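Colleague: I am new to reading models like this one. Can we go through it in short steps?

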Amino acid sequence: MVGAGALEYAAVTERVALRVARLEGSGDAGKAYALAAKTFREELRGMPVAGRVALLREHHVDEQGRSRPLKEEAGTLRAGDVVGSGRVRVDLAVEPVEGLSLLVKGQEGAISAIAAAPEGTMLRMPDMYMSKLIVGPRARGHIDIDAPAAENVEAIAAALGRRASEITVVVLDRDRHRELIEEIRRTGARIHMRPEGDLTPSIAVGLRDSDVHAVIGIGGAPEGVLAAAVVKCLGGEIQARMWPVNRSQVERLREYGLADPERKLTTDDLISGDDVVFAATGLTSGETLAGVRYFRGGARTHTVVMSTRPRMIRFIDTIHALEPDAGLQGFQR
Ligand SMILES: O=P(O)(O)OC[C@H]1O[C@](O)(COP(=O)(O)O)[C@@H](O)[C@@H]1O
């Protein structure tokens, strides 16, 4: 396993969540991002690895290519940073907060997440857009990002032994997806249009009891690599393609060694090898994870951690006594 027990990564996202979820409804996205990135940095310091931050959700570059950097703060995490106190070299993909605006508006579905894999196995790329097609284990081998979305929806439904009208596809609610949404609608499939976050539904897609069968559309590249980690652990498949919005992004891709921006990226291109850990903790409640619930002197967190070695997925419901008098009247089961 990548240098540390999977549970140690889960403890990191838990501690990030404990601090950052206090900003639910605060309206201050910059502050929430900065606190999450800073807490990740502090918490990763104690990990028994030499972790290189290969991918980091840093700032938004919108569809027009305008960069909206999030609040800069000393001590925050940066792509390329090496963190940890050990020797085993790992690549880290860090999502300080997925769903920043959900968190600061007190809406459902914000998480903090991290993935780890041996150094050199994560495809490094700048924080820009990526087109993605993500399915669970039973639809693996039945998708092709080069084919029209409608064909993929039909193929996914057939692989699940269902009609297209019996599956649900997650698409981010963005103008760039208008045609995609119309095309999926014509198949009869249900569409879950999310205001933010395509990583969270990528976890749901890999779980049998969820009602989400595919994630399709353009979102952040770091979330694509994190989704690849989930896919490696849960089974399933991701196909992707970078989606640069201007020439300078094409140039940046070249600097990262991705000379052909049109290249189709497979799960193994995004993370090569089969040694992966993924952990995420809910900030606000969503379909897979409950959000942080605070009580007098403490809090309760809900985390999912999964790994390939050993192959396991664990949901962790933790009660944290943060002050000496927490739980004096007993803890609730
Ligand atoms: O909001 P955009 O620019 O369409 O980007 C979509 C990407 O942003 C996210 O919704 C995360 O957003 P935040 O970084 O604001 O939390 C990803 O899940 C998604 O891949």
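Modeller: Start with one term. A residue is buried if 20 or more other C-beta atoms lie within 10 Å of its own. Keep in mind that this is a predicted model.

Colleague: What is the mean pLDDT of the protein chain?

Modeller: pLDDT is the predictor's confidence in each residue, from 0 to 100. In this chain, 94% of the residues reach 70 or more. The mean pLDDT is 93.

Colleague: How far apart are the end C-alpha atoms of helix H2?

Modeller: Helix H2 covers residues 29-45, which is 17 residues. At 1.5 Å a residue, H2 should span 24 Å. The model agrees, because the end C-alpha atoms are 24 Å apart.

Colleague: Which residues of H2 are buried, and what covers them?

Modeller: The buried set of H2 includes Ala32, Tyr33, Phe40 and Leu44. Glu43 and Thr39 are also among the buried residues. The cover includes helix H1 (6-20), strand S1 (50-56), strand S5 (89-98) and strand S6 (111-118).

Colleague: Where do the buried residues of helix H4 fall, seen down its axis?

Modeller: In H4 (residues 149-159), the buried residues are Ala149, Asn152, Val153, Ile156 and Ala157. Seen down the axis, they fall within an arc of 135 degrees, so they line one face of the helix. An α-helix has 3.6 residues a turn, so residues three or four places apart point the same way. For H4, the answer is one face.

Colleague: Which residues are in contact with Ala93, leaving aside its neighbours within four places in sequence?

Modeller: Contact here needs C-beta atoms within 7 Å. Among the partners of Ala93 are Ala54, Leu55, Ile114 and Ala115. The list also includes Met122, Pro222, Val225, Leu226 and Ala229.

Colleague: How many residues does each domain give to the contact between domain 1 and domain 2?

Modeller: Domain 1 is 6-121 + 276-321, and domain 2 is 129-270. Their C-alpha centres lie 22 Å apart. The contact takes 29 residues from domain 1 and 23 residues from domain 2.

Definitions and conventions: Residues numbered from 1 in each chain as written. Predicted model: local features only at pLDDT ≥ 70, side-chain atom pairs only at ≥ 80, totals over all residues. Helix = DSSP H or I, 4+ residues; strand = E, 2+ residues; numbered from the N terminus. Expected span 1.5 Å × (residues − 1). Buried ≥ 20, exposed ≤ 12 C-beta atoms within 10 Å, placed from the backbone. Contact = placed C-beta atoms within 7 Å. Arc of directions from axis to C-beta. Domains from an automatic or database assignment.
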